[in-house]
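Dear colleague,

Please find below the sequence and structure that I am handing over to you. I would be grateful if you could read the notes that come after it.

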Amino acid sequence: MDKTQTPAPNPPSAPAGGTAAASPLALVCLGLLLERPMTERELARTLAERAADSAMEGPPTPGPQEFAAVAGALGAAGLTETVVHADGPAYALTDRGRSEFARRVVAQLATVDRQPPAFLTAVGYLGALDEDRATKALRERAGGLRERAARIEQALAASGGVPRLFLIENEYALRMCRAELGWIEEVLAEIGAGTLTWPRVRVTDNGWEWEPEDGAGAG
């Protein structure tokens, strides 16, 4: 590689490259290329195979064109280079690409997500639904979480001699799944017992107003 063609490094706090090079798919691309040089078709196929073997659901896997666009953006940022491959031109990580991959992983491990998950946003509007609809929705989610937890448990049990470190994301997913399920079950139990109730609400020109709960003073 001609080192004179490598762009100057960006500040540590900023991902190298533009929007495509800083996208979540870019990190996946860097991680796959950490293993070996690949063509865009290999990148798409490898990710699709691993997604099929995974116990966790995810969005549809990107195709070769999407990987080609991201890998091209990474190349423009000096993180990948084109190399000779049996199936045609392939992408390989540069030294800078390896360093950037590690930097991004460290940053994501250390930084608390700023964007709240969709479920948390919906929970904030639980009181905007009537009790029956809210209860039905929570029960449906609880059922889905139980199914997910069972799939992850089965996958971990069938992992054989795979080192634990390479499956640790499944452990995390299972722990988060169980924690969320436990919280939902507690809320459903409170609704059923009448300790979490829907206040009587009236709409006014100044917004919603509700009657104070028993024993509580007026707001």
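The notes below cover confidence, salt bridges and aromatic pairing.

This is a predicted model, in which local features need pLDDT of at least 70 and side-chain atom pairs count only at pLDDT 80 or more, while totals for chains, interfaces and linings use all residues. Residues are numbered from 1 along each chain as its sequence is written, and side-chain values use heavy atoms, with hydrogens and water left out.

Confidence. The average pLDDT (the predictor's confidence in each residue, from 0 to 100) of the protein is 86, and 88% of the residues score at least 70. Over residues 1-14, pLDDT stays under 50. For that stretch the model has 18 contacts (heavy atoms within 4.5 Å) beyond four places in sequence.

Salt bridges. With a salt bridge defined as a side-chain nitrogen of Lys or Arg within 4 Å of a carboxyl oxygen of Asp or Glu, the count comes to 9. Helices, here and below, are DSSP runs (H or I, at least four residues), numbered from the N terminus. Accessibility is given as relative accessible area: buried is under 20%, exposed over 50%, and partly exposed in between (1.4 Å probe, protein chains only).

Within helix α4 (residues 95-110), E100 and R103 lie 3 residues apart, about one turn of the helix. Their side chains meet in a salt bridge at 3.0 Å, N to O. E100 is buried at 9%, whereas R103 is partly exposed at 23%.

A further salt bridge joins E171 and R164 at 2.7 Å, N to O. E171 is partly exposed at 27%, while R164 is exposed at 57%. Salt bridges with shared partners also connect E100, R103 and R104 into one network.

Aromatic pairing. Searching the whole structure gives 1 aromatic pair. The ring centres of F119 and W183 are 6.3 Å apart and the planes stand at 85°, so the pair is edge-to-face. The criteria are centres within 6.5 Å for rings of Phe, Tyr and Trp (its six-membered ring), with planes under 30 degrees apart stacked, over 60 edge-to-face and the rest tilted. F119 is in helix α5 (residues 118-123) and W183 in helix α7, so the pair ties together parts 64 residues apart in sequence. F119 is buried at 18%; W183 is partly exposed at 36%.

Kind regards

Terms used: Helices (H or I, at least four residues) and strands (E, at least two) are DSSP runs, numbered from the N terminus.
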